[in-house]
Amino acid sequence: MSQLGKLIVYSTKRRKLAEYTLGDRVFLIGRGESNDLTISDPLVSSHHCKISPTMLEPLLEDMNSTNGTYVNFKRVKHHALKDQDIIMFKNYLIKFMQDPNVTLDHPTTEIAEDTITSLKDWWAHRNDGEGKAQISVTVHQKGV
């Protein structure tokens, strides 16, 4: 299996929760348990978005989610992931790392504190402050 990069999942307290290596198959993110990355948050759709391998870089696609998919503070329908792009949700972030060999403890995987502050401010202005969802990340091992 070829490796196309890595996803590092963070809480909004900058705590690293998990890492996933992207391979040569579609990677699904959403609230439903059948996803590769399951997020228990009412603001996340059952099948929220997917990352597909392409010849150049992985392609992130919103799957008609209710609340949309955001990368670097911009709503996207399709987005070719670039190194250190940040996929944004209310209570967590997912950082794309082009190098599949980075690990959770590597300095380049860090998220700047001002990014977290900006995210919280952005969500506060975007929403009415409701929807304080508890999130949990579940790792599913498929095809192992």
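**Exercise 1. Determine how strand β3 pairs with strand β5, and how many bridges join them.**

Solution. Strand β3 covers residues 27-30 and strand β5 covers residues 49-52; they pair in the antiparallel sense over three bridges. Strands here are DSSP runs of E with at least two residues, numbered from the N terminus, and two strands pair if DSSP finds at least two bridges between them.

The model is a predicted one, in which local features need pLDDT of at least 70 and side-chain atom pairs count only at pLDDT 80 or more, while totals for chains, interfaces and linings use all residues. Residues are numbered from 1 along each chain as its sequence is written, and side-chain values use heavy atoms, with hydrogens and water left out.

Next, consider strand β4 (residues 37-39): β3 and β4 run parallel and are joined by two bridges. Here I29 stands opposite L37 of β4.

**Exercise 2. State the strand order of the six-stranded open sheet, and identify the strands at its edges.**

Solution. The order is β2-β1-β11-β10-β7-β8, with antiparallel pairing. The edges are β2 (16-22) and β8; each has a single partner strand, so one side of each lacks a neighbour in the sheet. From one strand to the next, the twist averages 30°, where axes are lines fitted to C-alpha atoms and angles run from 0 to 180 degrees between N-to-C directions. Within this order, β7 and β10 pair in the antiparallel sense over two bridges, and V71 has I87 in β10 as its bridge partner.

**Exercise 3. Locate F73 and Q84, and describe the phi of each.**

Solution. F73, not a glycine, has a positive phi of about 70°. F73 lies in the loop between β7 (69-71) and β8 (74-76), and is partly exposed at 31% relative accessibility. Q84, also not a glycine, has a positive phi of about 75°. Q84 belongs to the loop between β9 (78-80) and β10 (86-88), and is partly exposed at 35%.

Conventions
Helices (H or I, at least four residues) and strands (E, at least two) are DSSP runs, numbered from the N terminus. Buried means under 20% relative accessible area, exposed over 50%, partly exposed in between (1.4 Å probe, protein chains only).
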